[in-house]
Every structure is written in C-alpha cells, then in structure tokens.
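Subject: Structure handover

Hello,

Here is the structure for your files. My notes on it follow below; please read them with the model open.

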Amino acid sequence: MAIRFDAGEVITAMVTPFDKNREIDYNKVEDLTKYLVNNGSDTLLVAGTTGEGPTLTHEEEIEVLSTVKRANANKAKVIMNAGSNCTMTAIRTAKLAQKEDVDAILSVVPYYNKPSQKGMIEHFSAIAKSTDLPVIIYNIPSRTSVNMLPETVAKLAKEFDNIVGIKQSFADMDAITEMKLICPDDFSVYSGDDSLTLPMLSLGARGVVSVASHIFGSELKSMIRNYKTGEFLAALNMHKKLYPAFKKLFMAPNPVPVKAALAHKGIIEEYVRRPLVELSDDEKTTLFNVLDSVKED
C-alpha cells in the first residue's frame with residue numbers, strides 16, 4: 001500500500017548556522033542545504049530542536065525556511081517545525097507553514113504542561129483540522145515528560161488523513177510493534193534516534209529523522225537501502241560502524257556536538273545560542289577522534 005506522505009528515508013533535522021555573534025549566517029544556511037541534499041538527505045526539517053527552534057524568532061524561522069527552500073531548489077522535501085505546548089500557537093504556526101508552501105509540518109507532543117492522552121488527542125485534532133498539510137507527530141518523552149501511547153497514535157491516524165506519521169524518539173520496540181499492528185498501513189513510523197534506526201526498520205519503520213546525517217548522510221542512506229533490499233548483514237555492519245558516532249554526537253546537548261563536527265569539516269561555524277554552550281577543546285578532541293576513526297574504517 002502507498003504511504004500517505006513520502007518524506008523518503010532520511011529526514012535531516014537541520015541545524016541553524018550562526019556566526020560568532022550568534023546571529024544566523026544565511027550564506028551558511030544555503031551552503032549547508034546544498035551539502036545535505038547532495039549527501040543522502042531526502043527531506044530537510046527546519047527550525048526543530050536540532051535547529052535551535054526554541055531560540056529563533058518567528059521572523060528568523062521564516063527567513064531560514066525561505067533560504068532553505070531557495071537553496072534546495074525543489075531537490076528535497078522541506079518540513080517545518082510547528083510544535084508548541086500551546087495548541088493555538090501550534091495552529092498559528094501550522095497555518096503559517098501552509099502559507100509558506102512547505103511539504104509538511106512536524107509537531108511535538110506538548111511539553112511541560114504534561115497533557116493526558118485525551119489532551120493529546122484534542123491538541124493534534126485541532127492542528128490537523130487547521131491545515132491541509134501533512135502532519136508528523138513527534139513523540140519524545142525525555143523532553144516532554146509524557147509519552148503518547150500507541151492507541152492514541154492509532155486513533156489520530158485513523159481519524160485524520162493528514163496525520164501521516166510519527167517521529168518516535170523512545171527506545172520502546174513494543175510500542176513500535178503495537179503501532180504497526182493498530183495504525184493504518186499507510187501511516188509512517190520514523191526513528192527519532194539514529195542508533196535506533198536499524199532496530200526500528202526491522203519492525204516496519206520507514207526511516208529516520210536524523211542528526212548524524214549531517215556527517216554520515218550517505219552512509220545512513222546506504223544502511224537503510226541495504227536493509228530494505230535484503231542485504232541485512234551489510235546493513236548491520238554499517239550500523240555497527242556508525243554506532244560510536246551516533247553516541248558521541250549526543251555527548252552534550254543537541255545540536256552542540258553536531259555543530260562542532262560540521263565546523264570540523266569546514267561547513268559551518270560551531271556557535272550555538274544560549275543557554276547552550278560550545279564543546280570544550282578536550283570534548284572536541286574526543287568527538288573528532290571518534291568521527292575520524294569511523295570515517296577511516
């Protein structure tokens with residue numbers, strides 16, 4: 001059966017490049033967009049957590065989005081973050097995203113106010129009714145303090161054709177199995193953690209919303225392709241090769257390590273906005289040693 005919305009297999013949760021004054025470097029946004037599209041990314045996610053969305057103004061979000069779309073030149077799909085713990089704010093952002101002609105939105109389970117499952121249903125129902133865009137739910141209990149249950153996901157997926165998938169950042173393989181059992185066949189599950197991509201693929205996941213794809217996009221694409229074409233040992237070997245890098249890219253709060261890694265490659269600068277801070281020299285040495293050893297294997 002065809003999927004509801006085809007975001008491909010590798011969705012890169014794109015960082016937002018800053019200069020030394022921590023202002024957005026739009027030239028580097030263009031450079032990074034082109035680099036990602038040419039190195040394994042099927043879709044780019046703008047202004048998410050990895051893009052430091054919580055520290056961007058709405059005007060900055062739109063300017064970054066416009067820059068990405070211009071540089072992308074329709075080569076990859078573009079998703080905009082439209083998540084909030086305020087339902088009305090999420091709706092306003094969803095409507096803005098539709099006006100900006102993006103391909104889909106990603107919307108996180110409300111954080112901090114810890115809604116019940118019924119509250120989650122009300123929240124995402126309101127968002128789905130407010131837009132014609134495909135909606136991908138983002139479930140990340142480590143940041144939201146609540147977990148969207150598989151039956152809640154299934155209820156939303158069955159009721160709304162434009163709720164098309166979920167980014168699941170939670171190491172619960174039973175939940176993935178349950179979603180694949182009770183959600184419509186055309187509903188897509190994406191791993192929200194690079195290290196969980198291969199296990200989730202074995203349970204029917206479509207692909208990954210990735211941070212590591214900034215550095216290892218082609219390798220991730222190869223791993224997923226190998227798995228889906230029956231080359232299971234090749235996929236496992238790539239997973240094992242990349243696993244140390246997956247872990248080190250989260251040695252500090254995201255996106256601090258991946259920005260340092262991109263700076264190490266000469267693609268962008270490492271700067272992040274407060275309250276995040278850059279890696280220390282010792283931390284960078286540790287990170288780069290792992291990344292360089294993975295590349296050399």
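**The barrel**

Eight strands form a closed barrel in the order E1-E2-E3-E4-E5-E6-E7-E8, with parallel pairing. Direction ignored, neighbouring strands of this sheet are turned by 25° against each other on average. This is a predicted model, in which local features need pLDDT of at least 70 and side-chain atom pairs count only at pLDDT 80 or more, while totals for chains, interfaces and linings use all residues. Residues are numbered from 1 along each chain as its sequence is written, and side-chain values use heavy atoms, with hydrogens and water left out.

On terms: helices (H or I, at least four residues) and strands (E, at least two) are DSSP runs numbered from the N terminus. Two strands pair if DSSP finds at least two bridges between them. Axes are lines fitted to C-alpha atoms, for helices over the stretch in contact, and angles run from 0 to 180 degrees between N-to-C directions.

Strand E3 (residues 77–81) and strand E4 (residues 104–108) run parallel and are joined by three bridges. Ile 79 has Ala 104 in E4 as its bridge partner.

**Around E7**

E6 and E7 are paired in the parallel sense over four bridges. The chain goes from E6 through H7 to E7, and this β-α-β crossover is right-handed (with the strands pointing away from the viewer, the path from the first strand over the helix to the second runs clockwise). Ile 166 has Val 189 in E7 as its bridge partner. Helix H7 (residues 173–182) lies across strand E6 (163–168) and strand E7 (188–191), and runs at about 170° to E6.

Ser 191 has a relative accessibility of 0%. Leaving out residues up to four places away in sequence, Ser 191 touches Gln 168, Leu 196, Thr 197, Met 200, Gly 207, Val 208 and Val 209 (contact means heavy atoms within 4.5 Å).

**Rings**

The structure holds one aromatic pair. Tyr 227 and Phe 232 form this tilted pair, at 5.2 Å centre to centre and 55° between the planes (ring centres of Phe, Tyr and Trp, the last by its six-membered ring, lie within 6.5 Å; planes under 30 degrees apart count as stacked, over 60 as edge-to-face and the rest as tilted). Phe 232 is partly exposed, at 49% relative accessible area.

The charged end of Lys 167 sits over the ring of Tyr 138, 3.9 Å from its centre (NZ of Lys or CZ of Arg within 6 Å of the ring centre and within 35 degrees of the ring normal).

**Backbone points to check**

- Asn 254 and Pro 255 are joined by a cis peptide bond, omega about 10°. Pro 255 lies in the loop between helix H10 (232–248) and helix H11 (256–264).
- Arg 274 and Pro 275 are also joined by a cis peptide bond, omega about 20°.
- Glu 52, not a glycine, has a positive phi of about 55°. Glu 52 is buried, at 2% relative accessibility.
- Asp 101, not a glycine, has a positive phi of about 65°. Asp 101 is exposed, at 59% relative accessibility.

Regards

Key
Buried < 20%, exposed > 50% of the residue type's maximum accessible area, 1.4 Å probe, protein only.
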